[in-house]
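Please examine the sequence and the coordinates displayed below. A briefing on them follows, arranged by topic.

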Amino acid sequence: MNPKSTSHFTATLVALVCLLATLLVVPTAYAQDTEIRGFIENATFFREHGVGLTKSRTTLQLELSRAWQPSGLFSEVSINGTFRGSYDAVYDLNDDEFGENSGRSVCYPAPGNPAFFGILATGNPNTPPFPPSTNPCFAGIFPPPIATGAIPLPGVPGGNIGSGNPNQGLGLVGEDVHQFENGGVVLAYPTRPCSIDSRGCIDGYMDDSLNDLRYAEFNSRFDFIRELYLDATIAYDNGHELGFRIGRQQVVWGRTDLFRVLDVINPVDFSRHNIFDELEDIRIPMGILNVEWRAGASGPFEDINFQGIWKFEDFRPNNLGQGGEPYAILGAGNFFRAMNNCWENGCTVWNFPDSGLAVDFPAHSLGIRQANKPDFNDSQDYGFRVEGVMSGIGFSFNVLRYTSQMPSLRGGIESDNPFTPNIESQFHPYSLTFDIDFPRLTLVGASADFYVESLKSAFRVEVAHTSGEEFPNTLRERLFSESDVVRWVIGIDRPTFIPFLNKNRAFLLSLQVFGQHLLDHELQRVNAQGVPTLSEVGMVDWKNNYITTFLFQGNYMNDRLTPQILTAYDFKAGSGVVSPSVDWKISNSWRLTAAINLKFGDGAQVFDDNRGANPFPPFTCAPPLAAAGSPLCGAPFSSLGLAGFEPIGRFRAGPFGMGINEDEYQLTLRYRF
Amino acid sequence: MKQGTLKILIICMVGLSQTVAADSFTDEDINQSFYPYNDWTPAADGYTPGVVIDQNNVDQFQSILDEALLRFVKDGWVSIRTAPTTDFPLTEDYVNATRQHAGEVSIADNGTLNNFVAGRAFPQEPQADDPLAGQKLVWNYQYGFNSGDSETIYPFWWTFRNVKTAKVERQLKFEWHFLNHNHRVTFDPKPAYVNNPGEIYRGIYGIVKEPFDLANTQILIHRYQDDTRRDNAWLYVGFQRRVRRLAAGQITDAFLGSDLMIEDFEGYNGRVTDYTWEYAGTRNLLMPFYYHNDMELADVPAQDADGYQFIDVEGQGNCFPKVTYQLRKSFTLVGKPKDPNHPIGKRVINLDAQTMTMASLVTYDRKGDMWKWFPIGKAHSDHHLAVNKGKGVALDDYAVVIDIQAEHCTTLQFKSQVTDDANQPKLFSVQNLRKSGR
């Protein structure tokens, strides 16, 4: 938690506690209607490719609501709460993979180093090329660097990575997706929970302890109070209503499944199960004041309503899963942790500056320094929506000013030149040194739904224009740039009888197409200084991309047996997922769900990795330019397009491509009461 | 005469010829339609009220049992207790509305009504030689007084049962609300809500209370004044936290896994113009009309605030209502869907002549095999909850859909309340789904 926001969070917490006390303590006699229900669930997931157990989570969830008899100003008053606690035994049962014993020592086969680095390391122009390594392993627990093959840059104290970054408890970023067969850069990341190994843990952002991971809801944000809000309505004689909902809650905009075009008010916890859980379970409820003016039938509208929201709980980003977790969407958590470890402790990078080489970078010359979570005053979200029905068509217009829940890697922070022993702490254009920031965004959007009789189908449409979003961009000195973005979804639901499969019950066929367009996209074949590049350089995200989903769902045994197949495909990434499942409602209380989650397609994607940039002239000037005595070597220039899977090819591969080896078998048993 | 004027005249004449003129009616028609039992009691050979009809004596009562019930009694699935025929008068408001407006009503060329305001559209006795008799009867049902102007059903339990084993497989607990925006006769505003830009005729709103996996699921259906216009329907899905537009045209789908289609609600819940309708005669049939408070009731729901108890279940699979049946005048109406892909071949509906409610319904599949039986037990509103006293509504009180082919049934147990307390238009809005959703 950001210390600056502690007092505000405390106020929010006090309000939640007061609501909880009211919910639990006020005598039932005053209540008109009290409901208590809940469930206990165990979800056990098993992953192929030698990983084994990825989830063994047991959850207890309670839902309470209490409504009061209307009196005075208000016509309706109620308090509603959802409380959730869980224990994920995967960190104990499969601790070799995800817990305190996870990770290993990692090795980089470095065949030898060119004379340039020998000279650089020794300062002696007559230094011969380094010989091939006999025991090339990462980080500073091995013999002197010349014998190991890792190149010690002059900025590395003592010539190699120190004992603060031991070669243990490590994994290689992206090794779960590819085998580095394209010669791209390789980074190691610490895999163990932050209470076991604090390397690479980013304060206030990705720093979960073993217990934070085991007991996800029992943390400093009191996430076991999943939702707790007060509902109140003032009714007017003309039928209009003024409604208030205040407290920790989910506010859902939009009309589509899986995609979040307008549904961006609450951040999302992708660490539960990537994008595959119901959003209802993975939205992170926030303290929000939600005010609605419900005008009902007015003028030409069958229904017209106005909504204003103000998020008063301190900012929370999406939970992407930290390095070493079973579910880290896009592998971003692993990458961030590796980069923060590099910043804090220095690190060895393989296939850098070219394939077959390994370089020891000193601390503060490469990596991610910190996450700058905005203070309350800088991160308040507020929005407005007009929503209604006219001529049978449901519609909404939405405006939201909010803080991005996705991180932006902003380069150009003050850093050191690894090729000099000095501590410069200055801006180096094109250097791979970042802070994680969360920019302010403005979203303007709309949605509609309607039924088309001739097609017997219901249509759902959403579109949103967002300004202020930031994307990696190797053409820019700070390695990012802004782009306005248009996103849209069209969904079609068609219940369809397929008599030979079931003559009494229609199957739901639900197709969605999602589009994303970066309006200020930059991608080219010359670098920022006009030098032709080896591959495309600029923004890794696609200018135009499309993802489609298709759901085929049936029901048997009076809806007690529900088989379905969910598929999704990312066209540009060339990867997708198919997930058949069967949901069996054994009784009113017991429910068993079995599912398989299979990915297919191209998997990892390649993109410019910025090795070809010249952030520290003249040391990082491309050898051909240096050999030719190019004047370009004297000044920073942007990437010349050496490319690999890592580190940012992941943004092209997308969640399906990066999960290509995350095929899983899943079993969930739930008891409701 | 100018050519344009002639064209208009021809169009007007053709139009008039395609519209069936309104039928006149007499006081005798009104009395016969609304008070058939004032000076007449239905009778059948060998039938005496109070007799119990079972496997042993059913053959002599074949003519007063609908085709499905006859089969069930013959198979020993149920015995029928009988009681004397009693009057189930509808409210005088509805009768007066009929007197006031029925004379203006006619059937348009497209099968919809002209000039309908309120009350029973066609109070005249149906005639076998009237090709529109079936349509007139179904319009009488469509704009009948089945739930009054406004009704709440809560609690409302739907229980999925295995007919062979009587095993309860699943139980859904609902709260349902019905509101007529137009054609109102008892509750203000009459005859219609003025502020109705959507031209909605009827709103139906339901929310699932249990089981947990469906709790907070809400459904909203808007039926429009224009019967040719397709309903709009929305579902609030609790686990998605949002309102989802339904493909309202697919009303032949099993609703939430029950044995009912959406099209089955209240007997028939589709557009009149989706079917062809044929009047197939008048019969005296045993139908589940009774005084709720005089029945041997179930012990549920427990701890009801009004001390209300549901009609109990009995018979094969516990699918049948534990009530008395009475011999009543009924009109048999045969509806056949126009859509060749419709799963139903025909509906044989027995309309209670006095209340114009669908008291029993037998559906056949496209092969012509008997598929489902759907009787709706009707309780006299003066012998029910206090709130219903004097409301003049034949209350929905118990229903069952027995899927004969699948040997499965869904029983529906009602606590019906004819009231406008909660049933204001805002309850029947999409926004209310969001407001009530959790």
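This is a predicted model: local features need pLDDT of at least 70, side-chain atom pairs count only at pLDDT 80 or more; totals for chains, interfaces and linings use all residues.

Residues are numbered from 1 along each chain as its sequence is written, and chains are lettered from A and ligands numbered from 1 in the order in which they are written.

**Chain A overall**
- Chain A contains ten helices and 32 strands; helices (H or I, at least four residues) and strands (E, at least two) are DSSP runs, numbered from the N terminus.
- Of the 673 residues in chain A, 51% are buried, that is, they have 20 or more other C-beta atoms within 10 Å of their own, with C-beta atoms placed from the backbone.
- Among the contacts in chain A with a separation of 6 or more, 66% join residues 24 or more positions apart; a contact requires C-beta atoms, placed from the backbone, within 7 Å.

- Chain A is divided into domain 1 (109-213 + 317-372) and domain 2 (439-673), with bounds from an automatic or database domain assignment.
- The contact between these domains takes 19 residues from domain 1 of chain A and 16 residues from domain 2 of chain A.
- On the side of domain 1 of chain A that touches domain 2 of chain A, there are twelve nonpolar residues, six polar and one charged; Ala, Val, Leu, Ile, Met, Phe, Trp, Tyr, Cys and Pro count as nonpolar, Asp, Glu, Lys and Arg as charged, and the others, Gly among them, as polar.
- Between the chains, 39 residues of chain B are in contact with 46 residues of chain A.
- On the side of chain B that touches chain A, β6 (168-180), β10 (242-245) and α6 (430-436) of chain B each supply at least two residues.
- That side of chain B consists of 14 nonpolar, 14 polar and eleven charged residues.

**Helix α7 of chain A**
- The 14 residues of helix α7 (residues 332-345) of chain A should span 20 Å at 1.5 Å a residue, and the end C-alpha atoms are 20 Å apart, in agreement; the expected span is 1.5 Å times one less than the number of residues.
- Because 14 of the 14 residues of α7(A) are buried, this helix is largely enclosed by the rest of the structure.
- A:Gly346, which follows α7(A), has a positive phi near 80°.

**Strand β21 of chain B**
- Eleven of the eleven residues of strand β21 (residues 408-418) of chain B are buried, so the strand is largely enclosed by the rest of the structure.
- Strand β5 (residues 150-162) of chain B pairs with β21(B) in the antiparallel sense over ten bridges, where pairing requires at least two DSSP bridges between the strands.
- B:Thr152 stands opposite B:Gln417 in β21(B).
- β20(B) also pairs with β21(B) in the antiparallel sense, over six bridges, and B:Val401 has B:Thr410 as its bridge partner.
- The hairpin of β20(B) and β21(B) has four residues between the strands, and B:Glu407 takes a positive phi near 50° there.

Key
A residue is buried if 20 or more other C-beta atoms lie within 10 Å of its own, exposed if 12 or fewer, and partly exposed in between; C-beta atoms are placed from the backbone. Two residues are in contact if their C-beta atoms, placed from the backbone, lie within 7 Å.
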